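Subject: Structure handover, disulfides

Hi,

Here is the structure for your files. My notes on the disulfides follow below it.

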Amino acid sequence: FCTGAMRLATGLLLGAVARHEPSFQEPDPHEYFGTAGQMNSVPLRTQDVSKEVFDRYAIKGIPIVVTDAARDSKMKEWSCSYMHDHFDGAKFRREYDGREENFEQMGEDWTTKKIPIKGKKLAPGAPRYQPFYWDIVKAWEGEKSRGWGPNPKAIVKAVKGNTTVPYFLEASNLKEMRDNPEFWFQPPETGSLAHSDEHCIPTIATTLSGVKNWRFSHVPPQPHPAGYFDGLIYTYNKPSPHWDPLYSFNVSAGEAIIFPPGMIHEAKSVGEVCASSATYQFSSPAPTVYWRSWWPRLRKLKDLKHCHGVVAQWATLGGGPKQAKPFAEAEKAAKALAQKVDSNKDGKLTKAEIKKHVRNSEKLALDALNYHDTNEDGEVALDEFVLNYANWAEVEHEAAAAAKKKKGGKKKRSEL
């Protein structure tokens with residue numbers, strides 16, 4: 001999972017750090033994701049996965065299907081039929097009909113409803129019928145005008161109370177997960193169009209009934225400036241088609257797919273019954289290696305523009321300059337920072353040293369360690385830190401320069 005530029009020797013002392021030229025090279029996608037040069041691949045399917053093994057996949061942002069993910073879930077019986085019967089009167093939304101309001105209602109006949117998606121260019125194999133979406137926990141207070149049916153507060157309490165952390169995830173994710181669930185209800189052949197979310201952290205989507213076919217496309221090296229909102233990727237064909245699924249696979253009831261931020265995804269119900277699924281985001285572990293490895297393209301992705309500060313925290317150990325410097329200047333800044341953080345002067349940065357520097361934030365210290373620990377030996381060698389910091393700064397500096405040039409161009413045109 002390391003690029004040639006990042007295969008580094010470890011344990012060098014500060015004065016012995018080699019000079020690096022700005023040469024950030026992203027990995028080969030097939031090598032990084034383990035797809036053996038094949039498109040429409042199937043991610044690893046596993047069960048009884050340990051936290052240690054799962055964390056390695058999550059940190060690197062490699063999709064993984066856990067086939068027994070729902071074994072301890074209080075929601076494992078929450079099929080479309082269950083939701084229909086137990087939340088009678090609650091309202092939810094039909095996607096792609098041009099309206100934000102919740103006009104569908106539990107208790108009514110929607111579990112077999114198929115309404116064509118109109119007004120959008122659809123790729124071969126993409127869903128042709130509209131799915132249903134329920135984000136009551138996240139949205140009912142701030143978006144009351146959408147209409148949620150009777151007693152939404154009680155429903156929110158029920159959803160939060162039945163939210164559990166899967167056995168392979170850190171228990172510390174519970175509070176965050178209780179605040180961000182989404183439910184998708186998909187009668188056969190309905191589905192969500194390919195899109196990229198705005199989350200900076202991984203997503204876990206558990207199928208509660210039915211079968212869903214997922215297709216994932218990695219973010220292109222030069223993302224479209226308009227981003228990847230619902231189905232837009234199907235229309236982008238220059239310089240080459242942007243929708244080029246790296247993965248295509250099914251997830252059945254009781255199974256979950258976990259995937260990283262930015263991953264462009266599409267999901268279609270392909271079973272004989274309505275597919276119900278619960279989707280959450282979690283922050284521990286953070287996908288730090290994924291962000292570090294694909295920073296040049298992720299930095300350009302409109303959908304993740306609010307994540308830049310998070311990555312800066314990892315790259316610079318909690319702060320960094322207001323304006324990123326060019327590579328050579330960033331190297332000097334990184335060496336000076338390393339000197340400050342390396343309290344025992346052994347040429348390595350430990351979690352304890354990083355934690356002290358970031359005001360005793362356990363999570364930030366761990367995330368920063370994982371971001372910079374290129375060879376995964378549990379410590380950050382000086383040259384690892386210097387190169388990773390400078391690579392981050394180089395991309396950030398180039399992005400700032402490009403934004404300034406674009407702004408200047410717009411100003412000149414407006415003056416004509």
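Which handedness does the disulfide of Cys 200 and Cys 307 have, and what is the torsion about its S-S bond? The torsion is about -90 degrees, so this disulfide is left-handed. Cys 200 sits in the loop between strand S7 (191–195) and strand S8 (203–209). Cys 307 sits in the loop between helix H8 (295–298) and helix H9 (308–316), so the pair ties together parts 107 residues apart in sequence. The sulfur atoms of Cys 200 and Cys 307 are 2.0 Å apart. Both cysteines are buried.

Some ground rules. This is a predicted model, where local features need pLDDT of at least 70, side-chain atom pairs count only at pLDDT 80 or more, and totals for chains, interfaces and linings use all residues. Residues are numbered from 1 along each chain as its sequence is written, and side-chain values use heavy atoms, without hydrogens and water.

Terms:
- Disulfide: a pair of cysteine sulfur atoms within 2.5 Å.
- Helices (H or I, at least four residues) and strands (E, at least two): DSSP runs, numbered from the N terminus.
- Buried: under 20% relative accessible area (1.4 Å probe, protein chains only).

Searching the whole structure gives two disulfides. The other one joins Cys 80 to Cys 274, S to S 2.1 Å. It links distant parts of the chain, 194 residues apart. Cys 80 is in helix H3 (residues 80–86). Cys 274 is in the loop between strand S12 (264–269) and strand S13 (275–281). This link is left-handed, with -65 degrees about the S-S bond. Cys 80 has 2% relative accessibility, so it counts as buried. Cys 274 has 8%, so it is buried too.

Counting bonded cysteines along the chain, the pattern is 1-3, 2-4.

Best wishes

Definitions and conventions:
Buried < 20%, exposed > 50% of the residue type's maximum accessible area, 1.4 Å probe, protein only.
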